[in-house]
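Me: I'm new to this one, could you walk me through it a bit at a time?
Reply: Gladly, here it is, and then we can start with a term you will need.

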Amino acid sequence: MKVISKDEIRHVAKLAELELSGEELDKMTPQIDRVLSHVAKISNVDTSKVAPTYHTLNIGNVYREDI
């Protein structure tokens, strides 16, 4: 499944003010496509029964006495 095209990569590179040669574009397109394909798989995971996690540790505010 093709997720991103050379034109889209060229556009993003332009926005990032990067100059990519044709060789670099040819090399990067399938690599970025594979990465985005793997990331897209995450959207297929059922997370309806998973509580939102805002922080991995149970942290509360710590106050000290005013001196």
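Reply: A residue counts as exposed when its relative accessible area is over 50%, and as buried when that area is under 20%. Please keep in mind that this is a predicted model.

Me: OK, is aspartate 7 buried or exposed?
Reply: Aspartate 7 has a relative accessibility of 54%, so it counts as exposed, given that the cut-off is over 50%.

Me: And where does aspartate 7 lie?
Reply: Aspartate 7 is part of helix α1, which covers residues 6-15, and its side chain makes a polar contact, at 2.7 Å, with the side chain of arginine 10.

Me: What about threonine 29, buried or exposed?
Reply: Threonine 29 is buried, because its relative accessible area is 3% and the limit for buried is under 20%. Threonine 29 sits in helix α2, which runs over residues 22-41.

Me: Which residues is threonine 29 in contact with, leaving aside its neighbours within four places in sequence?
Reply: With those neighbours set aside, threonine 29 is in contact with Lys2, Ile4, Ser5, Lys6 and Ile9.

Me: How many residues apart in sequence are aspartate 7 and threonine 29?
Reply: Aspartate 7 and threonine 29 are separated by 22 residues in sequence, while their C-alpha atoms are 9.6 Å apart in space.

Me: At what angle do α1 and α2 pack?
Reply: The angle between α1 and α2 is about 105 degrees, and their axes lie 10 Å apart. That angle falls within 65 to 115 degrees, so α1 is roughly perpendicular to α2.

Me: Which residues make the contact?
Reply: On the α1 side the contact is made by Lys6, Ile9 and Arg10, and on the α2 side by Leu25, Asp26, Met28, Thr29 and Ile32. By type, the residues of this contact of α1 with α2 are four nonpolar, one polar and three charged.

Me: Changing topic, what is found in the loop between α1 and α2?
Reply: Leucine 20 is found in that loop, and glutamate 17 lies in the loop between α1 and α2 as well. Leucine 20 is partly exposed, with a relative accessible area of 30%, whereas glutamate 17 counts as exposed at 72% relative accessibility.

Me: What does leucine 20 touch, not counting residues up to four places away in sequence?
Reply: On that basis, leucine 20 touches Ile9, Ala13, Leu25 and Met28. Between leucine 20 and serine 37, by comparison, there are 22 Å in space from C-alpha to C-alpha, and the two are 17 residues apart in sequence.

Me: And what is the phi of glutamate 17?
Reply: Glutamate 17 has a positive phi of about 55 degrees, although it is not a glycine.

Terms used. Residues are numbered from 1 along each chain as its sequence is written. This is a predicted model: local features need pLDDT of at least 70, side-chain atom pairs count only at pLDDT 80 or more; totals for chains, interfaces and linings use all residues. Side-chain values use heavy atoms; hydrogens and water are left out. Helices (H or I, at least four residues) and strands (E, at least two) are DSSP runs, numbered from the N terminus. Buried means under 20% relative accessible area, exposed over 50%, partly exposed in between (1.4 Å probe, protein chains only). Contact means heavy atoms within 4.5 Å. A polar contact is a pair of N or O atoms within 3.5 Å; within protein, one must be able to donate a hydrogen and the other to accept it, and residues adjacent in sequence count only if both atoms are side-chain atoms. Axes are lines fitted to C-alpha atoms, for helices over the stretch in contact, and angles run from 0 to 180 degrees between N-to-C directions. Angles under 35 degrees count as roughly parallel, over 145 as roughly antiparallel, 65 to 115 as roughly perpendicular and the rest as oblique. Ala, Val, Leu, Ile, Met, Phe, Trp, Tyr, Cys and Pro count as nonpolar, Asp, Glu, Lys and Arg as charged, and the others, Gly among them, as polar.
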